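Open the structure in your viewer and keep the selection panel at hand. The tour below goes stop by stop.

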Amino acid sequence: MEKVVLASNNAGKLREFREILEGLFEIVSLRDLGLEADPEETGGSFAENARIKAEYSCRLSGLPALADDSGLEVDALGGAPGIYSARYAPGTDADRVAKLLRDMENMEDRTARFVSAVALVYPDGRQVTARGTCEGVITRQPQGEGGFGYDPIFLPDGYDQTFGLLSAETKNSISHRGRAVRALREKLR
Ligand code: IMP
């Protein structure tokens, strides 16, 4: 099985990539390789940032590198926090969830989507990219302890439980990241 380094130290993302790509790639983290990488995400889009992270980790490790840049776009906030989702508030995931709920306190329109751009970069310069989205609404209270990030306040369309309550298998089957990775797999065929 081909070994691929995941250009992230986010434990939630690492777990999901391992689940989604089981049997196809052996996913190792930068930490597994004893490497530290935190390239500046200077891109203006999810796709650009995914490429920046994958290129950096590929150069550093000499291995094919897979990166995901992802986030939550809230329509009533003009698409925020978007590419700034990880930095929306200092502190923990719970702090960022609390800030988003405060910012949306009086908002009736709660439609939103998760977006994931993935990039796979090979040492010979080859690049394959794909994107996935998942539509839903932002709840008024956090529900569930599963997943990571904004999962407890994201209710995907067609489901009556948040990503924080749905099983990992169900989340991966409809999530932005699951869709992006399946699109990437199609392109690799
Ligand atoms: P990145 O590591 O710069 O791509 O930051 C992505 C951020 O978006 C994460 O830190 C989360 O806050 C949020 N995010 C991305 N994907 C998910 C997800 O599947 N569930 C919950 N939050 C997510």
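Begin with glutamate 41. An N or O atom in its side chain lies 3.3 Å from an oxygen atom of the ligand. Keep in mind that this is a predicted model.

Go on to lysine 171. Its side chain places an N or O atom 2.7 Å from an oxygen atom of the ligand.

Next, show the surface. How much of the ligand does the protein bury? The ligand taken alone exposes 490 Å², and the protein buries 93% of that. The site is the largest pocket, and the ligand sits in it.

Colour by secondary structure. Two elements each give two or more residues to the shell around the ligand: strand S3 (65-74) and helix H5 (176-188). S3 supplies the largest share, four residues.

Select the whole shell. It holds 17 residues, and the closest are Lys13, Asp151, Lys171, His176 and Arg177. Which kinds of residue make up the shell? Eight are charged, five polar and four nonpolar.

For the last stop, pick aspartate 157. Look for it in the loop between strand S6 (154-156) and helix H4 (168-174). Leaving out residues up to four places away in sequence, aspartate 157 touches Glu135, Gly136 and Val137. Aspartate 157 and isoleucine 27 are 30 Å apart in space and 130 residues apart in sequence.

Notes:
Residues numbered from 1 in each chain as written. Predicted model: local features only at pLDDT ≥ 70, side-chain atom pairs only at ≥ 80, totals over all residues. Heavy atoms only, no water. Near = heavy atom within 4 Å. Polar contact = N/O pair within 3.5 Å; in protein donor to acceptor, adjacent residues only side chain to side chain. Areas by Shrake-Rupley, 256 points an atom, 1.4 Å probe, with all protein chains shown as cover. 1 Å grid on protein atoms, 1.4 Å probe; cavity = no way out; pocket = protein on both sides within 12 Å on 5 of 7 lines; lining within 4 Å. Sits in = over half its atoms within 2 Å of the grid points. Nonpolar A, V, L, I, M, F, W, Y, C, P; charged D, E, K, R; others polar. Contact = heavy atoms within 4.5 Å.
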